[in-house]
Amino acid sequence: MLRELLEARGWTQRVLATVLGRDVSVINRLTADKTRIDGEMALLLEGVFGVPAEQFMDVQSQFELALARVTSRGPDPAMARRAELFGKLPVADMIKRGWLSVQDVRDPRIEASLASFFGVGSPDDIEVLPHAAKKSDAGGPVTPSQAAWLRRAHRIAQEVLVPRYSEATLRAALSQLRPLMVDPVETRHVPKILAECGVRFLIVETLGSAKIDGVCFWVNNGTSPVIAMTLRMDRIDNFWFVLRHEIEHVLRGDGRTAAMVDADLHPEGGPTAAQGQLPEEERLANEAAADFCVPRDKLKKFVAVKAPLFPERDMIGFARTLKVHPGIVAGQLRHATRRYDLFTKHLVKVRSAVSPSATIDGWGDVVPLQELEQ
């Protein structure tokens with residue numbers, strides 16, 4: 001292009017060099033494609049030839065891209081695979097949590113570590129959107145973050161030792177769990193009671209935007225149930241609702257062929273989706289959980305009598321009648337009335353109480369899985 005412009009004016013390279021006030025060797029290198037036209041030179045040529053600087057820059061870019069295509073070996077499958085994995089999986093968070101045995105994302109062992117984490121022989125075999133899971137919100141497939149969290153929970157569950165599962169024992173244990181609802185400190189007994197029934201109970205801190213509240217799945221060829229919770233809300237009402245929800249899944253045998261992923265349950269103790277839009281197993285689990293926390297018929301009567309004021313002393317008295325912590329009534333009442341401004345101070349935390357007796361992964365604790373990795 002530059003040579004054609006010089007020819008059209010009858011100029012030599014020396015003449016152009018003189019006009020531009022540049023050494024003739026600079027012009028020689030430009031016309032011989034031995035140096036590139038930068039922004040400054042493009043503006044100078046625009047002033048001389050009246051050709052927009054953008055056109056010079058565009059031609060330069062096209063030339064460099066064409067040259068790169070000629071010398072390129074073509075698409076790199078390994079790079080495409082890395083882009084796929086790193087674009088979907090929260091790899092940095094997984095490293096930070098101690099789930100991957102590398103120091104940072106630049107570690108050359110990162111792909112091998114990911115393959116080991118997902119239990120496959122090659123990164124090409126990593127399935128970040130497993131079909132072996134069902135979401136409670138019926139809002140699409142499990143996300144990559146949820147898949148990674150679920151894989152971690154699966155691996156931890158395999159390390160937990162419990163006796164043979166007994167449905168009858170778990171049903172009977174409901175009467176043991178109910179009295180614990182009066183005080184958040186009493187949640188410390190939950191892991192032991194579930195373990196005695198043959199249920200593996202885990203607390204795994206949520207991962208990124210996974211929004212998982214609880215999961216029910218089975219290990220050992222569908223003979224041993226697992227309840228994994230995140231405590232992402234860390235509230236007494238949410239803890240008991242999610243726990244009873246997952247227990248109902250276990251009692252009904254849900255999750256044997258596909259993990260029941262209860263993601264983004266309503267923070268006040270119910271699903272974000274309307275009940276009519278939920279799968280039947282989720283609707284039944286919600287009803288069981290609601291009745292366990294605050295029987296729906298009693299809650300309905302309380303609302304009918306006390307609305308719209310809901311005096312705090314009456315709410316506390318209602319909780320005493322039910323023999324549960326006021327925060328559990330508060331959570332269900334807030335959900336039933338959509339009055340999320342009510343009784344916030346009663347929604348106490350439980351993680352510090354239940355964690356010491358539970359298998360926990362997160363908040364600085366990492367369950368060692370060296371044997372499983374080998």
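N220 sits in the loop between β3 (212-219) and β4 (224-229), where strands (E, at least two residues) and helices (H or I, at least four) are DSSP runs numbered from the N terminus. This is a predicted model, in which local features need pLDDT of at least 70, side-chain atom pairs count only at pLDDT 80 or more, and totals for chains, interfaces and linings use all residues. Residues are numbered from 1 along each chain as its sequence is written, and side-chain values use heavy atoms, with hydrogens and water left out.

Let's stay in that loop for a moment. The phi angle of N220 is near 55 degrees, a positive value in a residue other than glycine. N221 lies in the loop between β3 and β4 too, and its phi is near 60 degrees, again positive in a residue that is not glycine. How accessible are these residues? N220 is partly exposed, with a relative accessible area of 48%, while N221 counts as exposed at 83% relative accessibility. Here buried means under 20% relative accessible area, exposed means over 50%, and partly exposed lies in between (1.4 Å probe, protein chains only).

L194 belongs to α11 (residues 190-196), and it is buried, with a relative accessible area of 0%. Which residues does L194 touch, leaving aside its neighbours within four places in sequence? They are L170, V199, F201, L243 and I247, where contact means heavy atoms within 4.5 Å. L194 and Y165 are 29 residues apart along the chain, and their C-alpha atoms are separated by 9.6 Å.

Next, look at a pair of helices. Two packed helices are described by the angle between their axes and the distance between the axes. Helix α2 (residues 13-20) and helix α4 (residues 39-49) pack at an angle of about 105 degrees, with their axes 11 Å apart. Axes are lines fitted to C-alpha atoms, for helices over the stretch in contact, and angles run from 0 to 180 degrees between N-to-C directions. Because angles of 65 to 115 degrees count as roughly perpendicular, α2 and α4 are roughly perpendicular to each other. From α2, the contact is made by L16, V19 and L20, and from α4 by M41, L44, L45, V48 and F49. These residues divide into 8 nonpolar, no polar and no charged. Ala, Val, Leu, Ile, Met, Phe, Trp, Tyr, Cys and Pro count as nonpolar, Asp, Glu, Lys and Arg as charged, and the others, Gly among them, as polar.

One last stop is P308, in the loop between α14 (296-306) and α15 (312-322). The peptide bond from A307 to P308 is cis, with omega near 0 degrees.

Note on methods. Parallel < 35°, antiparallel > 145°, perpendicular 65-115°, else oblique.
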